[in-house]
Amino acid sequence: MTQVGTSPAAALSDAARLGTKMLTGGQLLHEMRDADVQIATTPKDLVWSQDKVSLFHFRPLAEKRVNVPVLICYGLIGRWTMTDLQEDRSLVRNLLNLGLDLYVVDWGNPSRADRYQTLADYILGYLGGCVAEIMKRAGVPKVNLLGVCEGGVFTTAYAALEPERVNTLTLTITPIDFHADTVEDRLGHGFINIWTRSLSPEDVDRLIDANGNLPGEFMGAIFNQMSPMRSLLKYNFDLLEIADDEQRLMNWLRMEKWIADRPDHPGEAAKQWMKDLYQQNKLVQNQWELDGRRVDLGNIRMPVLNVYASDDHIIPPATSRALGPKVGTSDYTELALPGGHIGVFVGGRSQALFAPAVASFAQQHDLTVA
Amino acid sequence: MNVRRRGLEHNAVVLQAWLQAGRRFTEQLAGQSDTKLDARAALALWTETANQQLLESQRSEAFLQSQAAMIRATTALRMAQQELVEHFGKQYGFPTRTELDDVHRTVTELRRELRALRREQQMPALVAARPASSQPLAASAESSASSAGSLAAPAAPSKPSARSPKPQPASSKQSSASAEPSRAARPARRPSANNRGTHT
């Protein structure tokens, strides 16, 4: 029988070490202010806005090597700031350093007043507005789209409906076949898919109607369920582990700041997201409609780079890779990055691969503007 | 009452998972050799065991059904509360949620129409452009298929998914496990003078 325990001397030593950690960590946290924990610090300019949506243009960090600008489009769950979490963990900075002309759309903070906004409003309306603005500013006939997660679905739909305005489509950790979580069926992977399918369409309607929107906190709780013990130990054992290391503590706080910034998902758009896509899986079947227009993935005839995380527990790889056989181009490339859903953006190994791949892809398909 | 009952039912399912996790943990301790396990190693074992058990439980029908029932009960309660507030609100002449929703719907529809009108007016004419290569756009896209594949190093062929409706030709649609090495960034330059705006 295994005994759990330790010797009195070792216990005293551990207690002393723990006490020192707590004191140092307490002091660090006491001295820190919210303003000290900064994310998304890469300089950028607001160039266009409509309602709550803002389009930012990043200031260049290197000589421009690609004529066609890249627009980063995150989803309505979470915020794009994950792509620029901190200086040494920033997809945005890496892309700028490789000479890309970079824009990002921020959806703002939807409130109950936005409950009737649909995905068509976001995709054909706001995203379309951003694309038009970039075309005008850069003097180009089309743009490169880089969609992330739900934002990848937005860019996929946009590329299928307005293919003449999209030069290349790069997707990152993007679900296309929402039922393909069953392909690998790994424990702890694809819980959102399973959970959403456990509800009826009426359950989804009532959940949204009762709250107006899909509350950010609600989705946060679902995400916490996906790694239950980690969620329970995060603010005690995990925090204590790094409490006396200022740099690691700051990294941790930056991530927490991003996690805490979880806007509500507009109600009607959330109904479409959960029912049309997660439950009825219309996108991969070419049955999804926006504003009465069918999203036919076969219309995606521009070059496509599909980036997925090989250990993604939120968007299992098979749900992303389902795009390959559906697009209407032979210029389709997949890139598997090591790590999980967030590790793609902050992991050291994936950072070394991700931005160069995106930049190289954009460069290979660049246009010369007359 | 219904919320409480559904909450208790769900908690009972979760409790079962915790109890099962505890059983597994003690079994694992008993199954190990008679070495002494320090507190840190014991915590790691417990965390791993409990996590595994909780994840298994979350996928069970019992968990999913009790959680869905709890969500149904809480949303029903919330809607009943709103109905009650609406009733009293009307009596005292306060604007109600229904009226606000009505306004919000109208505003959303007006915004939608406005956006469509703006789009029609402001969509810039397509700027004349030619591809970086001397080939026409379409030809360039086709020919770039092989170059896009050069992202792959090593060029591991994509494994077609078991659910894929059609197999991917390895020569045209490619998969890669890594990318070409980063090129050295050129020296940074200062932002141009006309690039002033809201610095965030």
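**Entry 1: helix 8 of chain A.** I looked up what the buried residues of helix 8 of chain A pack against, and found helix 6 (191-197) and helix 9 of chain A together with helix 2 and helix 3 of chain B. The buried residues of helix 8 (residues 216-225) are A:G216, A:M219, A:G220, A:I222, A:F223 and A:Q225. For my own reference, buried means under 20% relative accessible area, exposed over 50%, and partly exposed in between (1.4 Å probe, protein chains only). Helices (H or I, at least four residues) and strands (E, at least two) are DSSP runs, numbered from the N terminus. Contact means heavy atoms within 4.5 Å.

**Entry 2: ground rules.** I note that this is a predicted model, in which local features need pLDDT of at least 70 and side-chain atom pairs count only at pLDDT 80 or more, while totals for chains, interfaces and linings use all residues. Residues are numbered from 1 along each chain as its sequence is written, chains are lettered from A and ligands numbered from 1 in the order in which they are written, and side-chain values use heavy atoms, with hydrogens and water left out.

**Entry 3: chain B as a whole.** I counted 5 helices and 3 strands in chain B. Read from the N terminus, the order of its elements is α-β-α-α-α-β-α-β. Of the 200 residues in chain B, 28% are buried. Among contacts in chain B with a separation of 6 or more, 63% join residues 24 or more positions apart.

**Entry 4: helix 1 and helix 3 of chain B.** I checked how helix 1 (residues 2-31) packs on helix 3 (residues 61-91) in chain B: the angle is about 160°, and the axes are 9 Å apart. That makes the two helices of chain B roughly antiparallel. Here the axes are lines fitted to C-alpha atoms, for helices over the stretch in contact, and angles run from 0 to 180 degrees between N-to-C directions. Angles under 35 degrees count as roughly parallel, over 145 as roughly antiparallel, 65 to 115 as roughly perpendicular and the rest as oblique. On the helix 1 side, the residues in contact include B:N2, B:R6 and B:H10; on the helix 3 side they include B:F63, B:M70 and B:L77. By class, this contact of helix 1 with helix 3 has 9 nonpolar, 6 polar and 1 charged residues. The classes are: Ala, Val, Leu, Ile, Met, Phe, Trp, Tyr, Cys and Pro nonpolar; Asp, Glu, Lys and Arg charged; the others, Gly among them, polar.

**Entry 5: across the chains.** I then looked at helix 9 (residues 228-242) of chain A and helix 2 (residues 39-58) of chain B, whose axes come within 9 Å and cross at roughly 155°. These two helices are therefore roughly antiparallel to each other. Helix 9 of chain A contributes A:L233 and A:F237, among others, and helix 2 of chain B contributes residues including B:W46 and B:L54. The residues of this contact divide into 9 nonpolar, 3 polar and 3 charged.

**Entry 6: the cores.** A nonpolar core is a set of buried Ala, Val, Leu, Ile, Met, Phe, Trp, Tyr and Cys residues joined through side-chain atoms within 4.5 Å. The largest one has 118 residues, and A:L71, A:W107, A:W288 and A:L290 have the most contacts inside it. Helix 3 (residues 119-138) of chain A gives the largest share of this core, 11 residues. A second, separate core has 9 residues, including A:V37 and A:W252.

I followed A:A157, which is found in helix 4 (residues 150-161) of chain A. A:A157 is buried, at a relative accessible area of 0%. Leaving out residues up to four places away in sequence, A:A157 touches A:I123, A:W288, A:L290 and A:V295.

Entry 7: A:D51 is in the loop between strand 2 (44-50) and strand 3 (53-58) of chain A, and counts as partly exposed at 38% relative accessibility. Not counting residues up to four places away in sequence, A:D51 touches A:Y126, B:R111 and B:R115.

A:N281 is not a glycine either, and its phi is positive at about 55°. A:N281 lies in the loop between helix 11 (267-279) and strand 10 (289-290) of chain A. At 3% relative accessibility, A:N281 counts as buried.
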